[in-house]
Amino acid sequence: MELFDKSFDNFLDKENEKVLLVKGDWGAGKTYSIMRGLDRNKSQYKFITVSLFGLQSLDDLSVAFSNEVLKGLLLKNGVHVLNFLTAIPYVSKFIPRKIPSLEKIQIKNFSKELVVFFDDIERTSINIKDFLGYIEQMKSSSLYKVVLALNEDKLSDSDSEAVFSRMREKVVDKEIKVFNAVDSFISEKYPEESGFLIDFFSRVEVGNLRVIRKAVDVMSFFCGHISLLNDDNMKRLKLSCLFLSVEFYMEIDDLRTVYGFDRNFLFNPLISMYLDSQILDLNIIKNKELAIVEVQEKEGNNKQVEEIVCLFEDSFKCNEGDIIQKSKSFLTKAGYKEEYQVSYVFNLLHKLKVPIDDNIVHGIFNKDTNYTNGFVENILTILGSGELYDYVSKMYYLPPQQQQQQDCDDEGAIDSILLSNFNLNIYKQELMVYSCNDWVKFIENDKLNFLFKYKKNEIIEYISSKEGDNLRAALSLLMSSNLQSERLKIRFGNDIDDLLKVKGV
């Protein structure tokens, strides 16, 4: 970009160079680079832009040119308007013969040179030979410098390409080719996101500035209506907006294997809908955001608990203060938490003999929460007695006979008993109501991963007891599968064979 700027400025400064041709592919940044150069030199030059898009004849071009001149008359110096208009080829037929008032109009304080920029040359129906002849007539006037933007590969036919190749040497004084203005364009237009955007469009090899602008507009629309997503999901949203926009505007569909595009991101269908219609109900965006936030909270909770577990179980460092701080932070955090997560952290603080604060208990147990009885019983056991015990009891506690009936009717009761209590001996009778199939479903839902990690000895003791008959039958059934058998051996080691063998299963 720096080389282009120097070459462009050098063209403006040289009196003997009147016509500059800027070449490059569609979307490479020709118009952007030229306009940037003209704006940089606006203290010395006045410029007008004439688009040839859709023009059919030289008469159309002259009218368009004249209109642009008349739009920019508030310039400097005392040059008559008529002088400029009559310097435009073919324009005299459109000017009335008697225009005495026009002769008296002056372009005020006109001391700048005029640069005329012709854009979209390959998008016109004007014959290329006629157009270059038109530019040659302009070149003979000392009033103008001319800049042309052209993609040679997109001229209408091979004859036009041949004519252009023959005539360019006579008409054009200087040529510059724009290869890639992406970095400069993004840095100037989107400074806050420049690093991310430059990296993205470089990786997917997209250099069309119009496509880039449209893709970033889509990204800005969605990001502008989102406020609750964390950094990871915001990045997913931005990538989805850019990927789907590039595919839509460039009609390609092989980009998704690059750069970590998340095919299953919940916003993808909404982005596609918006690209199709450019209209989208903001309530739909908000509902989708809230759905992601719910998953986001669960993932965040898992990460926090895993960190606490690691600090406690995988280290002998003197880090008790860190464990207590992170545990209390997790318990006081707003939002939904899994029962087994809360139970684990509660038990950990209890083992460390850390008093449970009132705000923690009141935050977890309130009128808006609904927990299983097994979980509540575990928390009551930890609290032991006192005001907090009474508070939880009054809100949740059920007599033993009612509790047993509710647990038997609750599909999640197995979870609440096994995942929420460290002492399973007092619940052996309750667990007997669950059949072999109930245990198989429990195990196949990956609930044993957490259970075996923290309660392996208690589970082995339960399997070895009379009450564990149905669980042993479930394990025996799973052992018939080579895959499940190997998985159980990873969890229990050789203990699983010994346990089943002892009971004669």
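Helices here are DSSP runs of H or I at least four residues long, numbered from the N terminus. The model in these views is a predicted one.

**View A. L500 sits in helix α26.** This helix covers residues 495-502, and L500 lies in it. L500 has a relative accessible area of 8%, so it counts as buried. Take in L475 as well: 25 residues of sequence separate it from L500, and the two C-alpha atoms are 8.2 Å apart in space.

**View B. Strand β6 is buried along its run.** Seven of the seven residues in β6 (residues 144-150) are buried, so the rest of the structure largely encloses this strand. In a regular strand, side chains alternate between the two faces of the sheet. For β6, both faces are covered: one side has Y144, V146, L148 and L150, the other has K145, V147 and A149, and all of them are buried.

**View C. β6 pairs with β1 and with β5.** Strand β1 (residues 19-23) runs parallel to β6, and the pairing takes in five bridges. Look for L20 here, opposite V147 of β6. Strand β5 (residues 113-119) is also parallel to β6 and is joined to it by five bridges. On that side, V116 has V146 of β6 as its bridge partner.

View D. The cut-off for a disulfide is a pair of cysteine sulfurs within 2.5 Å. Across the whole structure, the search turns up zero disulfides. As for C223 itself, its relative accessibility is 17%, so it counts as buried.

Definitions and conventions: Residues are numbered from 1 along each chain as its sequence is written. This is a predicted model: local features need pLDDT of at least 70, side-chain atom pairs count only at pLDDT 80 or more; totals for chains, interfaces and linings use all residues. Side-chain values use heavy atoms; hydrogens and water are left out. Buried means under 20% relative accessible area, exposed over 50%, partly exposed in between (1.4 Å probe, protein chains only). Helices (H or I, at least four residues) and strands (E, at least two) are DSSP runs, numbered from the N terminus. Two strands pair if DSSP finds at least two bridges between them.
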